Amino acid sequence: MQKLFINGGKKLYGKIKIDKSKNAILPLLAGAIMVEGEVVFEDVPPLSDVVNMCKILQSLGGSVVWQENNLVVDMTNLSAHDILSPLASKLRSSIFALGPLLSRAKIAKIAYPGGCEIGLRPIDIHLSAMRTLGAKIVEKNGYIYANGSAMEGADIVLDFPSVGATENAMMGAVLTRGITRIFNSAKEPEIVDLQNFLNKCGAKISGAGTNQITVEGVSKLHGCLYSTIPDRISGGSFLLTVAMCGGDVEIENFLPYHNQALLSKIKQTACFYDIKNDKIKIRSDGKLTTFGEVETAVYPGFPTDLQPQIMALASVCEGYTLIEENLFESRFLHVSELKKMGADIRCKNNVCIVHGKDKLFGAEVSSADLRGGMALVMAGLRGEGYTTVSGVEYIDRGYYQIEKILSQVGADIKRIEE
Ligand code: UD1
C-alpha cells in the first residue's frame, strides 16, 4: 500500500505548473467516441481516471496511444457498445459514454458508474435527458440498457444544472437529427471546453457557458488536434496550499477568470497575490485571518471541489469560518481526519464551523476521496511533525505525482510503500 509521508512546517518557494484539466479531458475522451478519425489531445496528464477512461475507449474497439505527453485517440472502428461493471465501477465518468454511444451507435449498455463516495450521486438527470431525446432506457441488474434508434432533437429541461448531465445531453444531441435545446444547463468552464472540442470536430453547438445550450445535429464528426483548459481545481488547490504553508510561489497555467470565487476568499485572508495573464504569484507568511464564510454552489459560485481544501486553510485562519456544502451530502469525510491533526471543526448537516488555530500537528490520517485527500496533504504540510496520508490512490485520481510537484517548491514529502 502506498502512503504519503510528510515532514511538515516548511514554507514553499518556486514555481508550479498546472496540468490540463481532469474534469475537462474526461468528457472530451468520451466525446471522441463519436469521432471518425484521429483526435490528438495535447499534454494530457496520465492520471488514473484518464487511464481508466482510455481503457473504456479501448474496450469499445478504439485505438488509444500515448505519444509522449499527447494522447492519440481513434474511434473510427467502434465495434462494441457495452461498458461492463469492472471498468464502469472505476470512475463516475464512465457514464459520459452514454450520450456519445447513443449519438453514434444508437445503442448502449453501461454498468452503473463508480467514483468517489462523496454522496449518492444518482444519474437520473442524465437518463431523463436521453429519454427526452427519444432513447428507450431500461435499468436492470446494475446495467443501463439504452436504445436510441428513435432519437431526435428535442427541448431538454434539466431538473438541476448537473455538469455531467449537461455534457451527456450535449453529446447525445451531436449526431442526432434536428435541433436540441438544453435549458438550465450547467455553466462550468469544462462545458465550454467540450463545446469547443466538439465544434472543432465538426459539431454545431452554441451557448455553452450560459444556461441554455443549442445543438444542431450533424451526420459525422472528424478528427482534430485539441488542447484542453488548465485544471482550475488543481490551480486552486496549490494556491490554497501556499496560502496555508506560507512562502512565495508562482503558479503557471492558472486562469483567474475560472477561479474568481476562490480569489475573492483568498483576498480576505491577509495573503498577497499578483496576477499576470495566466500566472499568479502568491505570497503568504502563514499568519492568516478568516474569510468569514463560504458556501459551495454551481459555477461561477465557489466550487465544491475546493471545499475540503479551503476547510484545511480555514483551520489555520484566525477566527471562526462557516462552511456550507450544497452540492454533495457526504462531502465532509476529511473532517474527522483534520481533527486528528488538531483542527477545531464542528459540523451539523451540511454546515461546519471551523475555529482557526495557529498550529496543526502531524498524525496518521486516511483520505477517503480525492479532494479530501488533498486537504489532508495540505494540513500535513502546514502541521508540525510527521504525517502519513493513506488512501493515496484517491489523490492520484486528480493530482499527477503530487509529491513531485510539492517537493519542487520545498515541501518535505515522499511516497512510501508499506
Ligand atoms: C462534476 C465534476 C465533479 C464536481 C461536480 C460538481 C467531473 C468529471 N466531475 O461531477 O468533480 O464535484 O461536477 O461541480 O466533471 N445529480 C443528481 N442526478 C444526476 C446528476 C447529478 O441528482 O443525474 C446531483 C448530484 O448528486 C450532485 C449534484 O447533482 O448533488 C451535482 O452533480 P453534477 O454536477 O452532476 O456532478 P458531476 O457531473 O458528477
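By class, 9 nonpolar, 4 polar and 7 charged residues line the second largest pocket. (Ala, Val, Leu, Ile, Met, Phe, Trp, Tyr, Cys and Pro count as nonpolar, Asp, Glu, Lys and Arg as charged, and the others, Gly among them, as polar.) The model is predicted, so to speak of local features pLDDT must be at least 70, and of side-chain atom pairs 80 or more, while totals for chains, interfaces and linings use all residues. Residues are numbered from 1 along each chain as its sequence is written, and side-chain values use heavy atoms, without hydrogens and water.

Let us stay with this second largest pocket. Its lining holds 20 residues, and those nearest the centre are Lys17, Ile18, Asp19, Asp43 and Tyr400. The second largest pocket lies between domain 1 (2–19 + 231–417) and domain 2 (22–226), because both give residues to its lining.

The largest pocket has 44 lining residues, with Arg92, Arg121, Val163, Gly164 and Phe328 closest to its centre. Here, too, domain 1 and domain 2 both contribute to the lining, so the largest pocket lies between them.

Since domain 1 and domain 2 both give residues to its lining, the largest cavity lies between them. The residues that line the second largest cavity include Pro230, Asp231, Arg232, Phe254 and His258.

| Space | Volume | Lining by class |
|---|---|---|
| Largest pocket | about 980 Å³ | 22 nonpolar, 8 polar, 14 charged residues |
| Second largest pocket | about 550 Å³ | 9 nonpolar, 4 polar, 7 charged residues |
| Largest cavity | about 90 Å³ | 7 nonpolar, 2 polar, 5 charged residues |
| Second largest cavity | about 40 Å³ | 3 nonpolar, 4 polar, 2 charged residues |

(On a 1 Å grid over the protein atoms alone, a 1.4 Å probe fits in a cavity but cannot get out; a pocket is open, with protein on both sides within 12 Å along at least five of seven lines; lining residues have an atom within 4 Å of a point.)

Now to the ligand. Which residues come nearest to the ligand? Of the 19 residues around the ligand (a heavy atom within 4 Å), they are Asp124, Ile125, Ser162, Asp305 and Leu327. Asp305 has a polar side-chain atom 2.6 Å from an oxygen atom of the ligand. For Asp124, a polar side-chain atom is 2.7 Å from a nitrogen atom of the ligand. In Asn23, an N or O atom of the side chain lies 3.0 Å from an oxygen atom of the ligand. (Polar contacts are pairs of N or O atoms within 3.5 Å.)

Note on methods:
Points joined across faces, edges and corners; volume = space filled by probe spheres on them. Domains from an automatic or database assignment. Polar contact = N/O pair within 3.5 Å; in protein donor to acceptor, adjacent residues only side chain to side chain.
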